[in-house]
Structures are given as C-alpha cells and as structure tokens.
Amino acid sequence: MEKAKVYFSKEISPESVVKMYEKLGVELQGKVAVKLHSGEEGNQNYIRPEFVKAIVERVNGTVVECNTAYEGARETTEKHRKLMETHGWTKYFNVDIMDAEGPDKVLEIPNGKVIKKDYVGKNIENYDSMLVLSHFKGHPMGGYGGALKQLSIGVASSAGKSWIHSAGKTNDQTILWNNLAKQDEFLEAMADSASVVAKYFENNIVYINVMCNLSVDCDCCEAAEDPCMKDIGILAGLDPIAIDQACIDLIYNSKDPGRDHFVERVERQNGIHTIEAAASLGFGTREYELINID
C-alpha cells in the first residue's frame with residue numbers, strides 16, 4: 001500500500017481548518033455529516049462550535065452525534081439535545097442526534113476481528129458523505145482519541161457503544177459493559193467498527209484532527225484533567241489510520257515537558273493497538289508522508 005498523504009499545519013484557527021480541508025483536493029458531495037464531539041457537561045477541553053463554524057459552513061454540513069452508554073448529560077436524546085443547546089451547537093448549526101429514534105442501523109463486518117456487526121444511529125442513512133472532525137487527545141479507556149475513535153464509538157448508537165466496549169457480548173447499555181471485555185478485545189472492536197463506517201462512506205469521507213487542549217482525558221469526561229502539553233497543530237487526510245498514527249508520532253517525538261504524561265496514558269491502555277488492528281484490516285495504512293503546509 002502506498003504511503004498516505006497527511007497534511008500538517010501548526011496554525012490552529014477556524015481559517016486553518018478550512019485551508020486544511022481544501023488542501024485535500026476533494027469536495028464532499030451531497031448531504032454532509034460533520035461528526036464531532038459535542039462535549040460532556042462540565043468538560044473544559046472540547047472544541048467549541050465557534051471554532052468549527054467556518055468549516056461546517058464550507059461543507060454545508062449537519063453536525064451529527066450519538067447518545068452515550070453511560071450516565072451523564074448525553075445518555076438520552078432529551079438530555080443530549082438540551083446539552084447541545086447549552087453548548088451552543090444549535091445556535092449555529094443543524095444538529096442531528098443520529099440514534100434519537102430506533103431502530104439502529106446494523107452494518108455487517110464479515111472480516112471483523114472480534115465483532116461481526118456494528119450498531120450505528122439509523123440517521124446515518126440520510127447522509128452522502130462525512131467530515132470526521134476530531135479533537136485529538138488522550139482517553140481513559142482507549143489511551144487516545146482521534147479519527148478511529150470518532151468512526152467507531154462516535155458513530156455507534158448508545159447500544160452500539162455497549163456492543164463495542166463489551167467486544168460484542170452485549171448491546172444493553174444498562175449492563176456494566178466495561179467488565180465484559182479484555183482491553184485488547186475492546187480496542188480491536190473499535191478497529192472493526194471504524195472499518196465498516198469508513199467503508200460505508202467509501203471515497204466520500206475525509207478526516208481532520210485538531211491537536212489542541214491536549215489533555216490525557218477525553219471530551220466525554222465531566223471532570224477532565226487540564227491539558228498537559230502545548231497545542232501542536234491541525235492534520236488532515238483521507239486515511240484515518242495514517243492521520244492517527246501521524247498524531248501519535250508527533251506526541252512521541254515532542255520535547256514538551258508534558259509528553260511523558262500523555263504517552264503514559266496511551267501506553268497504559270495499549271492505545272496503539274487500535275491503530276495496529278485497524279491497519280491489519282486493510283482499510284488504511286500506518287505509513288504516511290507528512291506534508292507541512294505552513
């Protein structure tokens with residue numbers, strides 16, 4: 001497989017996000033879903049709607065999310081919609097909670113390592129293409145969160161999140177799913193589900209990772225640690241595996257004093273295994289050319 005092109009800019013601004021998208025040389029067609037993280041109630045690190053306003057308008061997109069599978073302000077459609085309003089998403093954008101109403105859409109994964117199907121919000125059927133706009137950061141369970149996590153856990157319905165976290169043992173979100181799977185099984189289930197969503201949109205999907213507010217905790221955490229590293233930049237590409245690998249490499253090669261704390265979180269959860277598993281499924285590559293556009 002040829003090396004994937006990953007574009008990089010140190011400039012972190014709304015205008016830079018648009019520039020990075022345009023550098024890819026593609027135009028997302030039809031109705032565009034913009035998958036991002038709306039931020040848990042109380043979280044201070046999530047990317048704000050004002051920051052992404054320019055890119056969402058550029059692609060004429062709809063902001064899409066799915067409900068969570070744990071207690072919080074996003075566990076039900078009613079609570080999630082209220083939070084989307086509180087966080088300002090509905091002020092600027094059309095917002096679609098894709099699993100607001102069932103039944104979930106089931107995507108088959110014949111070559112899945114640990115799961116053979118993925119439960120996603122049924123409203124995914126309303127979109128022709130997707131912009132995966134990820135806030136790259138650490139994660140308490142996955143080690144890190146980037147494009148692959150957005151494709152998997154992010155697009156999964158509430159029941160689908162339980163399915164992935166439990167490595168296919170349950171899709172009942174009332175069950176304590178985090179005790180049902182070994183860590184690597186969970187990471188492989190993320191790779192499986194990411195693969196099928198990437199395949200669903202085929203050539204009509206692009207990825208942008210924003211490396212700012214670099215906390216070891218996810219935007220899903222109500223009480224997240226403050227960032228431990230300085231902002232790094234924005235990356236864009238057509239390969240979700242390559243763009244996540246490039247972000248990880250930028251972390252590992254950093255001389256920032258907080259680098260070791262971030263790396264400890266990634267390695268404690270064996271986060272690289274998601275990338276390894278995804279690459280073995282063949283829907284992308286870990287080999288990339290980093291193209292600096294500053």
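**Close-up views of the predicted model**

**View 1. Pairing of strands β2 and β3.** Val32 stands opposite Gly61 in β3. The model shown here and in the following views is predicted. The chain crosses from β2 to β3 by way of helix α2 (residues 49-58), and this β-α-β crossover is right-handed. The pairing of strand β2 (residues 32-35) with β3 is parallel and comprises four bridges.

View 2. Strand β3 (residues 61-65) is largely enclosed by the rest of the structure, because five of its five residues are buried. Gly61, Val63 and Glu65 point one way from the strand, whereas Thr62 and Val64 point the other way, and all are buried. Strand β4 (residues 95-97) runs parallel to β3 and is joined to it by three bridges. Within this pairing, Val63 stands opposite Val95 in β4.

View 3. Thr62 belongs to strand β3. With a relative accessibility of 11%, Thr62 counts as buried, the cut-off for this class being under 20%. When residues up to four places away in sequence are not counted, Thr62 touches Lys31, Val32, Ala33, Val34, Asn94, Val95, Asp96 and Tyr127.

**View 4. An aromatic cluster of Trp89, Tyr92 and Phe93.** These three residues, Trp89, Tyr92 and Phe93, form one aromatic cluster. The structure holds six aromatic pairs. In the pair of Trp89 and Phe93, the ring centres are 6.1 Å apart and the planes lie at 35 degrees, so the pair is tilted. The rings of Tyr92 and Phe93 also form a tilted pair, because their planes lie at 50 degrees, with the centres 6.0 Å apart. Trp89 has a relative accessibility of 0% and therefore counts as buried. Phe93, at 8%, is likewise classed as buried, whereas Tyr92, at 26%, counts as partly exposed.

**View 5. A charge over the ring of Tyr46.** Arg48 lies over the face of Tyr46. The distance from the ring centre is 4.0 Å.

**View 6. A salt bridge between Glu11 and Lys19.** The structure holds twelve salt bridges, and one of them is formed by Glu11 and Lys19. The closest N and O atoms of this pair are 3.7 Å apart. Glu11 is partly exposed, with a relative accessible area of 36%. Lys19 is also partly exposed, its relative accessible area being 33%.

**View 7. A salt bridge between Glu40 and Arg74.** The closest N and O atoms of the salt bridge between Glu40 and Arg74 are 3.2 Å apart. Glu40 lies in the loop between β2 and α2, and Arg74 in the loop between β3 and α3 (77-86), so the pair ties together parts that are 34 residues apart in sequence. Glu40 and Arg74 are both buried.

View 8. The side chains of Asp217 and Arg265 meet in a salt bridge with an N to O distance of 2.9 Å. Asp217 is placed in the loop between β10 (205-211) and β11 (233-237) and Arg265 in helix α9 (residues 259-268); the pair therefore ties together parts that are 48 residues apart in sequence. Asp217 and Arg265 are each buried. In a further set, Lys35, Glu40, Glu65 and Arg74 are joined into one network by salt bridges that share partners.

Notes: Residues numbered from 1 in each chain as written. Predicted model: local features only at pLDDT ≥ 70, side-chain atom pairs only at ≥ 80, totals over all residues. Heavy atoms only, no water. Phe/Tyr/Trp six-rings, centres within 6.5 Å; stacked < 30°, edge-to-face > 60°. Buried < 20%, exposed > 50% of the residue type's maximum accessible area, 1.4 Å probe, protein only. Lys NZ or Arg CZ within 6 Å of the ring centre and 35° of its normal. Helix = DSSP H or I, 4+ residues; strand = E, 2+ residues; numbered from the N terminus. Pairing = 2+ DSSP bridges. Right-handed = clockwise from strand over helix to strand, strands pointing away. Contact = heavy atoms within 4.5 Å. Salt bridge = Lys/Arg side-chain N within 4 Å of Asp/Glu carboxyl O.
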